[in-house]
Amino acid sequence: MSLTDEVLDTVAELRQTVSDLHGELTRNALVIWTAGNISARVPGRELMVIKPSGVAYDELSADTMVVTDLHGRLVHGDLAPSSDTAAHAYVYREMPEVGGVVHTHSTYATAWAARGEPIPCVLTMIADEFGGAVPVGPFALIGDDSIGRGIVETLRAGRSPAVLMRNHGPFTVGRTARDAVKAAVLVEDVARTVHKAFELGTPAPLAPADVDRLYARYQNVYGQRGER
């Protein structure tokens with residue numbers, strides 16, 4: 001597939017953005033070694049930018065990011081794309097509102113995934129960002145779009161931008177790649193806090209009506225225009 005100069009300019013900007021955002025994963029201690037990945041949809045095109053497979057975080061740059069189509073086929077770049085490319089691509093195909101996807105193995109969120117247990121909505125932050133409990137998705141093996149199918153099936157059933165894929169770890173989505181990274185940071189934070197709360201006792205869940213009000217306020221009123 002040949003790319004026009006205009007598309008190449010957009011891709012170049014996204015490659016830089018996605019490269020920079022991987023730094024947020026290490027700064028927030030959400031990944032180790034080469035695990036985890038971020039992708040971003042190329043607006044108006046059946047393309048995405050994604051981290052290459054098996055490359056250490058301190059070796060990532062805009063030039064190492066790769067471009068694939070939305071079936072995971074390499075379009076631009078010198079390295080093989082992430083082993084999770086098929087999952088990311090499936091999410092973009094099925095959820096046109098999604099512009100970014102993140103996968104980490106962050107410790108506490110992955111511990112909830114290992115237990116196959118949703119993170120209950122016992123904090124206002126969980127209501128704000130996730131609109132209820134953070135759900136668990138089905139177990140699926142890496143290699144095809146099975147993980148992507150589980151992500152989409154689970155996220156379509158609620159408001160959460162995060163899903164804990166059983167025995168694997170968290171995946172998050174967002175309107176942009178930055179939004180998806182924010183969700184990845186927050187899901188680890190609430191996973192840790194709720195774990196600590198259970199060590200002290202049994203935290204009480206928020207009332208559904210309060211969850212709805214908190215979610216609506218945070219999504220539609222909180223923060224500056226155009227951002228949260």
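Asp-128 is located in helix H4, which spans residues 124-130; helices (H or I, at least four residues) and strands (E, at least two) are DSSP runs numbered from the N terminus. The model is predicted, so local features need pLDDT of at least 70 and side-chain atom pairs count only at pLDDT 80 or more, while totals for chains, interfaces and linings use all residues. Residues are numbered from 1 along each chain as its sequence is written, and side-chain values use heavy atoms, with hydrogens and water left out.

- Asp-128 counts as buried because its relative accessibility is 9%; buried means under 20% relative accessible area, exposed over 50%, and partly exposed in between (1.4 Å probe, protein chains only).
- Leaving aside neighbours within four places in sequence, Asp-128 is in contact (heavy atoms within 4.5 Å) with Leu-214, Tyr-215, Arg-217, Tyr-218 and Gln-219.

**Nonpolar cores**

- A nonpolar core is a set of buried Ala, Val, Leu, Ile, Met, Phe, Trp, Tyr and Cys residues joined through side-chain atoms within 4.5 Å.
- The largest such core has 25 residues, of which Leu-25, Ile-38, Leu-47, Val-49 and Val-102 touch the most other members.
- At least two residues of this core come from each of helix H1 (5-27), strand E1 (37-41), strand E2 (47-50) and helix H6 (177-200), and H1 gives the most, with six.
- Not counting residues up to four places away in sequence, Val-102 touches Leu-25, Asn-37, Ile-38, His-88, Pro-170, Phe-171, Thr-172, Ala-177, Ala-180, Val-181 and Ala-184.
- A second, separate core comprises 21 residues, including Val-66, Tyr-90, Tyr-92 and Val-98.

**Helix H6**

- H6 has 24 residues and reaches 35 Å from its first C-alpha to its last, close to the expected 34 Å; the expected span is 1.5 Å times one less than the number of residues.
- Buried residues in H6 include Ala-177, Ala-180, Val-181, Leu-186, Glu-188 and Val-194.

**Aromatic rings and charges**

- Two aromatic pairs are found in a search of the whole structure; rings of Phe, Tyr and Trp (its six-membered ring) pair if their centres lie within 6.5 Å, with planes under 30 degrees apart counted as stacked, over 60 as edge-to-face and the rest as tilted.
- The rings of Tyr-218 and Tyr-222 are stacked because their centres are 4.9 Å apart and their planes are at 25°.
- Tyr-218 counts as buried at 10% relative accessibility, whereas Tyr-222 counts as partly exposed at 42%.
- Arg-159 lies over the face of Tyr-215, at 4.5 Å from the ring centre, and Lys-51 lies over the face of Tyr-57, at 5.3 Å from the ring centre.
- A charge sits over a ring if NZ of Lys or CZ of Arg is within 6 Å of the ring centre and within 35 degrees of the ring normal.
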